[in-house]
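Hello,

Here is the structure I promised to pass on. Please have a look at it before reading my notes.

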Amino acid sequence: MERLLIAGNTANGFVNFFSDFISGSRTTFLKGGSGVGKSTFIREFGSKAESLGYSIVKVPCSSDMNSLDAIKVQGLNLVMLDATNPHVFEPELYGVTGEIFDIGRYLKPDKLAPKTGILNELLDTKRQAYKCMYNELKCVNLQYQNIDNIYYAYYDEDKFNSLAKEIFNSLDLTCADNKIKGFADYIAGDGYHNIALEYAGDRQIVNICGRCNLAKYSILEYIASRLDKKKVRYESYYTTLYPDKLYAIGLKNMFLVCADKGDGYDTDICFNMNKIQSDVPLLLEHRHCVNYNLKRAGDYYLRSRVAHAQIEKAYLQAMDFKQFEVDKEIYLDNLFSKY
């Protein structure tokens, strides 16, 4: 797995699974403002691990896919994490489960002080942009709920239960290698992106198809509950548009994922589709609203990134990178020398 989305800007605001990601690992918690080099440090941590023959899992930033929030070194259970807002973390046991590396100590306060006013304005602009983005994503969620409600007026529970049991009985229940929680999609300036199939790898893909999202999510929730009862380990992936609903499940040899159409199990059979035909114009209106709100969410995302870039520029100019470069090289050498 090349990358794993652990955090997401969702219809419920910012949501993350970092607690699960770092559990059982020795973690370096990075502190420091925007533009001080946290992502670069994390990237160098990963490169050092790879040069020593270890594989890594990269965690992109939920607000910038080209930036990194964390890397985990497989086999060593070492993690380096950007532990600043909005995902603030500290070691549970200093020196045992991890330590803090404060990049803020390389800042020159005298260079930042004159920019305090403009930095506060930029932070407010960024906060308000995020609030607007979350509101747009909430609107997307509500539109999908309306679509689901229309379908569920013609729902056949017996057909749903039969389909759910059929799918579960067809599964290879070999446990996944790891119990993973992450997101299958993200919102960016150029729109909505779904990367669920990146997680599938060479596993058999089982598509849960249909036009009603809630039916597909409910199938996966049924399967997850059965897996839990049988104590089968699996990977859980969620969608930013319905952050409390499962979007995909990974087993050792199979990957179940929601799909609008294609080969697979069709949840449309759980509904009287003939009666739904009269509601098609209304359904199309709701889907038009979904696309509109997703575009608006992307626009507000871009607004936040413009403000963020200006904040980074101010911090960049106030950093003592010469000493930072020396100290982080020493830190990485000492860290990996223990293994």
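Predicted model: local features only at pLDDT ≥ 70, side-chain atom pairs only at ≥ 80, totals over all residues.

Residues are numbered from 1 along each chain as its sequence is written, and side-chain values use heavy atoms, with hydrogens and water left out.

The sheet comes first. It is open and mixed, with 5 strands in the order β4-β5-β6-β3-β7 (strands are DSSP runs of E, at least two residues, numbered from the N terminus; two strands pair if DSSP finds at least two bridges between them). β4 (56-61) and β7 (98-102) are the edge strands with a single partner each, so one side of each has no neighbour in the sheet. From one strand to the next, the twist averages 25 degrees (axes are lines fitted to C-alpha atoms, and angles run from 0 to 180 degrees between N-to-C directions). β3 (residues 26-31) pairs with β7 in the parallel sense over 5 bridges, and Thr27 has Gly98 as its bridge partner in β7.

Asp185 sits in strand β9 (residues 185-188). Asp185 is buried (under 20% relative accessible area, 1.4 Å probe, protein chains only). Asp185 has no salt bridge, and Lys216, the nearest side chain of opposite charge, is 11 Å away (a salt bridge needs a side-chain nitrogen of Lys or Arg within 4 Å of a carboxyl oxygen of Asp or Glu). Its side chain does make a polar contact of 2.6 Å with that of Tyr192, and a polar contact of 2.6 Å joins the side chains of Asp185 and Thr239 (N or O atoms within 3.5 Å, one able to donate a hydrogen and the other to accept it).

Best wishes

How values were computed: Helix = DSSP H or I, 4+ residues; strand = E, 2+ residues; numbered from the N terminus. Buried < 20%, exposed > 50% of the residue type's maximum accessible area, 1.4 Å probe, protein only. Lys, Arg positive; Asp, Glu negative; His and termini not counted.
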